[in-house]
Protein chains: 2
Amino acid sequence: MSAGSLIIAGLGPGNPDMVTPEVQAALDVATDIVGYIPYVERVAARPGLTLHPTDNRVELERAQHAIEMALTGKHVVVVSSGDPGVFAMAAAVFEAVDEGPADWRNLDIRVLPGITAMLAASAAAGAPLGHDFCAINLSDNLKPWDLIERRLRLAAEGDFAMAFYNPRSKSRPEGFEKTVAILQEACGDARPVIFARAVSTSDQTIRVVPLDQVTPDMADMRTMVIVGSSRTRIITRDGDPYIYTPRSVPK
Amino acid sequence: MSAGSLIIAGLGPGNPDMVTPEVQAALDVATDIVGYIPYVERVAARPGLTLHPTDNRVELERAQHAIEMALTGKHVVVVSSGDPGVFAMAAAVFEAVDEGPADWRNLDIRVLPGITAMLAASAAAGAPLGHDFCAINLSDNLKPWDLIERRLRLAAEGDFAMAFYNPRSKSRPEGFEKTVAILQEACGDARPVIFARAVSTSDQTIRVVPLDQVTPDMADMRTMVIVGSSRTRIITRDGDPYIYTPRSVPK
């Protein structure tokens, strides 16, 4: 039996023109595509390609399935939105390998990076992540809320800009409310907050709101939230403003 | 005079197959390319295209030059390695606009994201940035060293994984030495540190070293350094190990 392969590829935030040629080439020679339904839908069907869309919250089973297929000789691509290494499928696949049978370790696994949502959102708004920043997943599905809260306070104390993935879902609306309260206490009223929804798609909206005017309903699961540092500036103009964080901090 | 345009585009970490089609299309219709010499060298010469390579450490002058050319009707692309919004030219261009004449604000400026070095490095090693993380520029050319040190300590206290840009240069070898000492004090001996050099190029090397065996000479300006969180794991195997940070923290 010929050796199979397993690739974990990032499709970028939505715009097909942000899919790298490296990722496109992997999709073009795959026999099987595995991933969450809306991401698998972004891969064009063709003869010889089997699509395996699965529901959310089954990342580990999905990863195991992909590994098993690769071990039978298939050329499997696991797709993630954005970058597969940022709150996405790459860690899930390595978790499955780590917990699986010893021979799974011999599988050659490659991760192909993609444009992650926070950097597409940052680009659409200007350059708010132009200085030191943190990326934090606000979902407490897989970690204690206390840890999120501690990280938020330390990031604010360090005056990092912050990018929030999965800020708010219908099943856990209270987390983002608490996040906003913590930041309002730690960062002052004027701190710019960017709500970048459906970034790089035709539905894209970018909204910039001072922290004291933020309300929790401004975010949903399609929204990236970026909070500036104390140095972040807004350039007002006739069109949409440019938001950026300068490269320097006075010595 | 026809309206010019200004685009700030990310060329990714080096592999031409990581340049997005969106960025390639912008390069294909540009009249002028502006950037640091080694990045401009990555753009193919063609009739009708003027290349403007400039030395390092002249970001603001380079940004002003790009803006002035765009205002005279040119189609200017400012190129950065990686992503232009991460310790690169996008912030420099907006700084120039912010400090420049009022009519500069009317210029339509677009930022096109690219694959940033830390995510290419993470992909090459596995998924060490699969959970919450910080991106920190270790150069103190544009900020006080005390701020870097404070951020390192807070990031360690928050148990973030960390990605370091510009870890070490010949002109400031002592910063990375101090960084290693701070982390050895704060993070314990076994913490995995990844030295990813010349990522995505034919010179790529990936080296994984426990924190107590790190020596400052392991990094140079072509190296991305990634430090795991306390949860980061190493999967040993016959080939290069896989390093990943699990998606979950036990509640």
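**Fold, domains and chain contact in a predicted model**

Among contacts in chain A between residues at least 6 apart in sequence, 73% link residues that are at least 24 apart. The structure described here is a predicted model. In chain A, the secondary structure amounts to seven helices and 13 strands. The radius of gyration of chain A is 20 Å, close to the 18 Å given by the globule rule for 251 residues, so chain A is as compact as a globular protein of that length. The C-alpha trace of chain A extends over about 65 × 40 × 40 Å along its principal axes. Of the 251 residues in chain A, 52% are buried.

Chain A is divided into two parts, domain 1 (5–115) and domain 2 (118–244). The centres of these domains of chain A, taken over C-alpha atoms, are separated by 28 Å. Contact between them involves seven residues of domain 1 of chain A and 10 residues of domain 2 of chain A. On the side of domain 1 of chain A that touches domain 2 of chain A, five residues are nonpolar, two are polar and none is charged.

An open sheet of five strands is found in chain A, in the order E3-E2-E4-E1-E5, with parallel pairing. From one strand to the next, the twist averages 20°. Within chain A, strand E2 (residues 32–36) pairs with strand E4 (residues 75–80) in the parallel sense, over three bridges. The bridge partner of A:Asp32 in E4(A) is A:Val76.

Chain A is also in contact with chain B, and 61 residues from chain A and 61 residues from chain B take part. On the side of chain B that touches chain A, the most is given by helix H4 (residues 89–99) of chain B, with seven residues. By class, this side of chain B consists of 33 nonpolar, 12 polar and 16 charged residues. Strand pairing also joins the chains: strand E7 (residues 133–137) of chain A and strand E7 (residues 133–137) of chain B run antiparallel and are joined by three bridges. In this pairing, A:Phe133 stands opposite B:Ala135 in E7(B).

Notes. Residues numbered from 1 in each chain as written. Chains lettered and ligands numbered in written order. Predicted model: local features only at pLDDT ≥ 70, side-chain atom pairs only at ≥ 80, totals over all residues. Helix = DSSP H or I, 4+ residues; strand = E, 2+ residues; numbered from the N terminus. Rg over C-alpha atoms; globule rule 2.2 N^0.38 Å. Buried ≥ 20, exposed ≤ 12 C-beta atoms within 10 Å, placed from the backbone. Contact = placed C-beta atoms within 7 Å. Nonpolar A, V, L, I, M, F, W, Y, C, P; charged D, E, K, R; others polar. Pairing = 2+ DSSP bridges. Domains from an automatic or database assignment. Axes fitted to C-alpha atoms, helices over the stretch in contact; angles between N-to-C directions.
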